Amino acid sequence: MLPKDTPETIRDRLQKHQPSNLIGHAVGISDVIVVNRDGIITSYYIDKEQLVVLAGFIRPNSSGSLINLDTEGYRIEGKNGTWMATDEINIDGRQFFLMENEQYQSSAAFTVVDSDGKLVCDSNQGFDDTVTVQKIQEFLHPPVIIPSQEPNPPKPSLEQYQKYYENGEYLRAAEMTEEQNYNMIDGRVNNLAAPRKIGGRISVLDRLHLKQAERAIKNGKEVPKHLLSDEQERNRK
């Protein structure tokens with residue numbers, strides 16, 4: 001097809017310039033021209049004076065279709081009354097039917113369904129309406145919605161006890177706020193007073209002091225003076 005071709009210009013061209021590989025008679029009355037424009041397939045019957053749209057000429061899914069041009073008394077989910085097929089269109093190899101309400105007839109809007117009877121859209125002007133054709137194409141090829149990519153919001157500042165859950169090691173987080181410099185991050189809070197050993201074992205009192213210091217650090221509170229090392233006490237003064 002040429003960009004400005006119409007069914008009439010195609011007929012005239014085929015009548016005047018018969019293709020060299022065409023076997024048979026030239027195009028004439030009672031032949032059918034099938035036009036595929038942007039996936040919309042329409043069949044035209046060549047009459048003596050004009051071209052007549054020939055509905056139902058191509059039915060790719062006729063063997064398993066629920067709806068055809070002979071359908072009457074069909075009930076559409078969500079619609080009142082019964083419906084009959086009055087026209088059909090073939091888009092991208094699939095059939096769609098224009099249904100008219102048998103009770104209200106032309107006083108009610110048409111309904112478009114596919115060959116399986118699935119509701120596609122409503123239509124006021126039938127398949128002559130470009131909006132109806134556009135809705136059918138959107139039904140066949142729904143638009144892809146790409147979620148907007150927003151920048152990640154900044155992370156809120158964490159309390160000391162929250163850092164345990166962030167990096168998986170509470171003592172490391174505690175050290176980062178208590179040690180004198182970062183080259184002493186070794187998994188132990190060395191600023192705490194060194195525990196005294198009695199008979200090779202840490203005394204019960206020192207174990208208690210260590211526990212109190214760790215709890216104070218975990219809760220973001222100041223470590224009591226008697227739990228600090230001499231070096232840290234001098235630094236505070």
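Contact means heavy atoms within 4.5 Å. This is a predicted model, where local features need pLDDT of at least 70, side-chain atom pairs count only at pLDDT 80 or more, and totals for chains, interfaces and linings use all residues. Residues are numbered from 1 along each chain as its sequence is written, and side-chain values use heavy atoms, with hydrogens and water left out.

**Overview**

The chain has 6 helices and 9 strands. Helices (H or I, at least four residues) and strands (E, at least two) are DSSP runs, numbered from the N terminus. Of the 237 residues, 31% count as buried. Buried means under 20% relative accessible area, exposed means over 50%, and partly exposed lies in between (1.4 Å probe, protein chains only). The accessible surface comes to about 16,700 Å², and 50% of it belongs to carbon and sulfur atoms. Such areas come from the Shrake-Rupley method with a 1.4 Å probe; for residues, only the protein chains shown count as cover. Among contacts between residues at least 6 apart in sequence, 35% join residues at least 24 apart.

Two strands pair if DSSP finds at least two bridges between them. Strand β4 (residues 83-91) has 8 bridges to strand β5 (residues 94-101), and the two run antiparallel. They form a hairpin with 2 residues between them. Asp92, in the turn, has a positive phi of about 55°. Strand β2 (residues 40-46) also runs antiparallel to β4, joined by 2 bridges. There, Ile40 stands opposite Ile91 of β4.

**Two residues of β5**

Gln95 lies in strand β5. Gln95 counts as buried because its relative accessible area is 2%. Its side chain makes a polar contact of 3.5 Å with the side chain of Glu88. A polar contact is a pair of N or O atoms within 3.5 Å; within protein, one must be able to donate a hydrogen and the other to accept it, and residues adjacent in sequence count only if both atoms are side-chain atoms.

Asn101 is also in β5. Is Asn101 buried or exposed? At 3% relative accessibility, Asn101 is buried. Trp83 stands opposite Asn101. Leaving out residues up to four places away in sequence, Asn101 touches Asn80, Gly81, Thr82, Trp83 and Ala108. A polar atom of the Asn101 side chain lies 3.0 Å from the backbone oxygen of Asn80. A polar side-chain atom of Asn101 also lies 2.8 Å from the backbone nitrogen of Gln103.

**Salt bridges**

Side chains of opposite charge can pair when their charged atoms come close. A salt bridge is a side-chain nitrogen of Lys or Arg within 4 Å of a carboxyl oxygen of Asp or Glu. The structure holds 4 of them. The table includes some of these pairs.

| Pair | N to O distance |
|---|---|
| Arg13 and Asp5 | 2.9 Å |
| Arg11 and Asp12 | 3.2 Å |
| Asp122 and Lys79 | 2.9 Å |

The pair of Asp122 and Lys79 links distant parts of the chain, 43 residues apart. Asp122 is in strand β7 (residues 119-123), and Lys79 is in the loop between β3 and β4. Asp122 is partly exposed at 36% relative accessibility, and Lys79 is partly exposed at 26%.
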